[in-house]
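Let's walk through this model together, one piece at a time. Keep the 3D view open and follow along as you read.

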Amino acid sequence: MFGIERMRDEDLKKLEDELLNAKKLEAIGVLAGGIAHDFNNLLFVIMGNINMAQLKIEGEYLARRHLMEAEKACLRAKDLTQKFITFSSGGGPVKSRLSLRELVASIAELVLRGTLTSWELKGTEQPSWDVEADENQMRQVFTGLIENAVEAMSKGGLISIATENVQIDGAGIGGMDLGDGRYVKVSVADEGIGIPEENMPNIFDPYFSTKYRGSQKGMGFGLAIAHSVIKKHNGTIKVESIPGRGTTVSVFIPAAEGECGALRSGRPYFTPPRKRILVMEDEEMPRELIQTMLEHLGFEVDTAQEGREAVELYFQAMDTGRSYDAVILDLAVKVGMDGKEAIGKIRYLDPKVRAIVSSGYSKEAIMTSCADSGFSYVLKKPYDLEALKVAMEQVLGGC
Ligand SMILES: Nc1ncnc2c1ncn2[C@@H]1O[C@H](COP(=O)(O)OP(=O)(O)OP(=O)(O)O)[C@@H](O)[C@H]1O
Ligand SMILES: [Mg+2]
């Protein structure tokens, strides 16, 4: 009897600790997301202008080299803000149906090629269930987990990856914070140094790292991102470790039900025509930049500062028989009508409108399932000329 009560107390304490930890991570996430949002907008303008300046400098000028260096630094900064956004409360998953088993195997193959580490994929007897998940975010999660496993085994060793279909009903599994239902479990087990007990409460914190890689310390982002992404997919992540023996990280993601629309893929051939594009963006610098980039791609561009103006311009253009071929709408504006409302009004009059939603940071469902809201494509800021070109190809392709 005493034993059972003790167990319950321990379980309760563990759950309380987990709850506290989750609250702490959520608060850091809000802060990180805010900073990343502002930084992202600035970065977008810096990167775009470097892009444009590069195009204008002809010949072997020294300035080209400086611009290239600046661009490289911007790309690293972009990676960093992206990590913050993924970690923060923004960066909602853009989901498609996928097989985690296939995804993890392809990541292991890529990450472990040329290392001292070998790996095995242990399996389910039945085919592994699919999940509805953000492929990019899942890629980040499992790349981080496999990198951690490699880094824990400096002399090499074996990483065992296993997938399992799990049905949770009623009792749950060992005090885990998962609702009933079907889950895909993926575990990554290593034979490495393990994690000391005293570090366990901190391993999911951003910037918590015990690694020193030459002059560059580990960022401590791998598990922070994994935790946040998996929570956003209504799953959970568990870490079990025995110092000196190894670590097993298990991830549970809800299994997919039924068919659902996969994201469009494939790149139609791009011929830059003088097509007309309407851009709605409330901030001046990004607005001018998007206009410049689109004009560079050969489009004719009109701009609006907020939704109402965009809707008016769209209707005027239809009236005069010079309809826009596509619109790019900013999701969130500080003053006036936002992109969501604007697309509703535009689509009411022109159900065939081709619309791109653009935003750097948003919890809005639009950024995750754009088709439901009347948009055909999501363009995440900061984007460069190439990403804009691909978006235009996708949206205008075949017309
Ligand atoms: N498989 C593992 N074996 C041993 N320790 C681990 C393992 N995974 C995580 N850790 C511990 O947790 C810490 C945080 O891991 P995390 O992946 O978040 O950051 P990092 O690997 O240090 O840096 P980054 O992932 O940003 O390169 C690590 O520094 C390490 O101490
Ligand atoms: Mg890591």
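Start with the strands: β2 (residues 117-122) runs parallel to β4 (residues 157-168), and six bridges join the two. Strands here are DSSP runs of E with at least two residues, helices are runs of H or I with at least four, and both are numbered from the N terminus. Two strands count as paired if DSSP finds at least two bridges between them. Before going on, note that this is a predicted model, where local features need pLDDT of at least 70 and side-chain atom pairs count only at pLDDT 80 or more, while totals for chains, interfaces and linings use all residues. Residues are numbered from 1 along each chain as its sequence is written, with chains lettered from A and ligands numbered from 1 in the order in which they are written.

If you find leucine 121, you'll see isoleucine 161 of β4 standing opposite. One spot to look for is valine 166, whose bridge partner in β5 is tyrosine 183.

Next, the helices. How far apart are the axes of α4 and α5? They come within 9 Å and cross at roughly 140°; axes are lines fitted to C-alpha atoms, for helices over the stretch in contact, and angles run from 0 to 180 degrees between N-to-C directions. On the α4 side, the contact includes Gln137, Val141 and Leu145, and on the α5 side it includes Gly222, Ile225 and Val229. Residues are in contact here if their C-beta atoms, placed from the backbone, lie within 7 Å. Sorted by class, this contact has seven nonpolar residues, five polar and one charged. Nonpolar means Ala, Val, Leu, Ile, Met, Phe, Trp, Tyr, Cys and Pro; charged means Asp, Glu, Lys and Arg; the others, Gly among them, are polar.

These two helices turn up again around ligand 1, where α4 (135-152) and α5 (222-232) each supply at least two residues of the shell. The biggest share comes from α4, with four residues. In total, 23 residues surround the ligand, and the closest are Ala152, Ser209, Gly218, Met219 and Gly222. A residue is near the ligand if its C-beta atom, placed from the backbone, lies within 6 Å of it. The shell is made up of ten nonpolar, eleven polar and two charged residues.

Finally, find α7 (residues 307-319) and α8 (residues 339-349), which pack at an angle of about 20° with their axes 9 Å apart. That's why they count as roughly parallel, a label for angles under 35 degrees, with over 145 being roughly antiparallel, 65 to 115 roughly perpendicular and the rest oblique. Their contact involves, among others, Tyr314 and Phe315 of α7 and Ile346 and Leu349 of α8.

Definitions and conventions:
Two residues are in contact if their C-beta atoms, placed from the backbone, lie within 7 Å.
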